[in-house]
Amino acid sequence: MKVMALIQLKPNDKGRISEIKGGKQICKRLFELGLNKGVEIEVVKNDIGPVIVDLSGHKLAIGRGLANNIIIQA
Amino acid sequence: MNTIALVGNPNSGKTTLFNAITGANQHVGNWPGVTVEKKVGEFKFNNKIYDVVDLPGTYSLGAFSEDEVVARDYVVKGNPDVVINVVDATNIERNLYLTTQLLEMGANVVIALNMVDEAKTREIEINIESLSKNLGVPVISTVASKKSGVEKLIEKTVECIEKKSEYHPLSYGENIDKEIKTIKELLKDSKADYPADWIAIKLLEGNKDILEEVNNKDVEKRLTFLKDKGIDYELEIVDKRYDFISNITKKSVVKPDEAVVTLSDKIDKVITNKYLGLPIFGLIMFIVFQLTFKIGQDLLGGIVESWIETFGVFLSKELVLINAPEWLISFISDGIIGGVGAVLSFIPLITVLYFFLGVLEDTGYMARAAYIMDDIMRALGLQGKTFISMIIGFGCNVPGIMATRTLETKKDKMIAILINPFMSCGARIPIYLVFISAFFPEHGGIILFILYFLGILVALIMGKIFSNTLFKGESSHFIMELPPYRLPSFNSVIKNMWQQVLHFIERAGTIIFAVVAILWILSVLPLGVEPYSQASLLGKIGTLLAPIFKPAGFGTWQASVSLAAGIAAKEAVVAVLGMVYAGVSEGSELIVAIQNAFTPLTAVSFMVMVLLYTPCAATIATVKQETNSYKWAIFISVYTFALAWIASVLVYQIGSLLGF
């Protein structure tokens, strides 16, 4: 079990969100979009531009700054 | 009259369902937050008419964006009899989050479980009875795009108007439930239109507008007390809502272990590719403008023009035959046919442009454009979503500016508003086309593309400058849903296009007609003067303004008057040019007159001016409305003019030096 920031994951890597670092506002926004603690995500694309993750079949684009603050257990 | 509200996440098919229920001619988009306005329709059931209100698509009913506040306020204060909550069956957990909030409010909810066909393709199984039983509200499965399930939904909704579902508050765990009770006790004496449970939850979530509205000293004290003790339930409440949801989905939803790879996923591999994304985006925009020009102008443009010409000649002949007074003939043939007619001849072009913009929106490509542009926009202190409002601005700046509502920080929103007018709207195309036909008939598509590109470039540069000066600080985080690609619905694209064209014709018939009429009066006063001559009032105003434009190479009274009229509506520029130069409907005469009055260089300089200068009155009014300040409305009018003037002077002066 490894713990790392979302931005360090490669395409097809899967993991569960263990922590979101950052203000309450942004945490709440992510929760509301379905990115709450414990959910499983799969990285679809992570090279340039926002990271695209798959959340139960749906695609979310997450800015790189934000992706650095989302901690994943892979 | 009974009222029904439609609530749902962006891309849940809410607007499509609204159309299916009401049959209203309305547009369905695919980028998050397309429904920025409150839209109302109606349907008839058993000879009774019911109102339906389409609320903005939101993920939540907090106070995060204006859309959320609009939707929330309507549900609690608008007292709809039933709230139809559109839930995307392919993404049920996240969609149910909004549902939990509706249940908290005590709204009378009916769930439309939409896109059940897509859920099936993705091998997601949903037990509707179990879902309905556990949520405590009726659930009807629908496929809005195929109108299936809609009848049943209407039937159930009408049934629920009579029979409200019971209000059962959610449980948020021992501590929070206890705190809610405490606050409810304190609230007992204050009058409020909302359920006390809901107010208590909102207060614990730190909602400031509700706190203000409640205006209760004891409650404020209690919240300060909690804060001082370091107790904050805000995120825990969100967690508890998800606990509630996952308890329900565990019982009612079965998903495949591996998500099914859809065609949409495969397309995205190419469209959002690191190397291909940007070139594909550029290529798509290039093709759109080439096709718009080729089909709208070369293929169809002449047709409407010749109709108007024939009609104009016919009308003048008839007027002469019935011995109409000379001033009336002049007003009709020079003023109306020459002015309004010149504007109407661009209908085919506007139609084609709106068709393509509609297709881009409907397929879901807009969200990808925002994604692809995010990197570049971020380097400029902006963010990718700003680009969506810019692309919409190509159609018209008014909806473009309204689309900035989906931006989350004030900084992003303000900058997006201030740079939107540089996006060349549809009404400016006719002006370019007159000059292109006069001087660069072989290179129309390229010139248009360069002008649009210049508009984008100026917008981005100004964005960078604003973000370093007027609006410092961090740009908001980028987080955005990439909705699955969908085949554009031919119906909705055509409907939207038709609406826009009607709007264009309506403007030609009202604002532009009024401008043309006023200008015609100015052109024949003082009495006895030769119409449209420099001695007329119109000529005098133009002469007064002309020196301003001299350094830009088009310091003629005609050009100056046309630009001034363009502030009322951009279409009026062509109308006025038609009146003052040709005075007749025949497009070719206007072109010849333009060829005599301008040079290729001053034509370019004039087009740059038109591209960048003060937006039209409708846009300025929208800026006032969106920023809630006259200051910004005045600012945008002045700074765009200054910038446009500098740019066209540079074009002319540098061009002259280079010997053009």
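Glu123(B) is partly exposed, having 14 other C-beta atoms within 10 Å. Here a residue counts as buried with 20 or more other C-beta atoms within 10 Å of its own, as exposed with 12 or fewer, and as partly exposed in between, the C-beta atoms being placed from the backbone. This is a predicted model, in which local features need pLDDT of at least 70, side-chain atom pairs count only at pLDDT 80 or more, and totals for chains, interfaces and linings use all residues. Residues are numbered from 1 along each chain as its sequence is written, while chains are lettered from A and ligands numbered from 1 in the order in which they are written.

Most residues other than glycine have a negative phi.

Helices (H or I, at least four residues) and strands (E, at least two) are DSSP runs, numbered from the N terminus.

For chain A, an unreviewed UniProt entry lists residues 4-74 as "domain: Ferrous iron transporter FeoA-like"; such annotations may be inferred rather than shown by experiment. Over residues 4-74 chain A is 20% helix and 41% strand, with 8 Å between the end C-alpha atoms.

Chain B is assigned domain 1 (2-162), domain 2 (174-232) and domain 3 (280-470 + 491-657), with bounds from an automatic or database domain assignment. The centres of domain 1 and domain 3 of chain B, taken over C-alpha atoms, are 39 Å apart.
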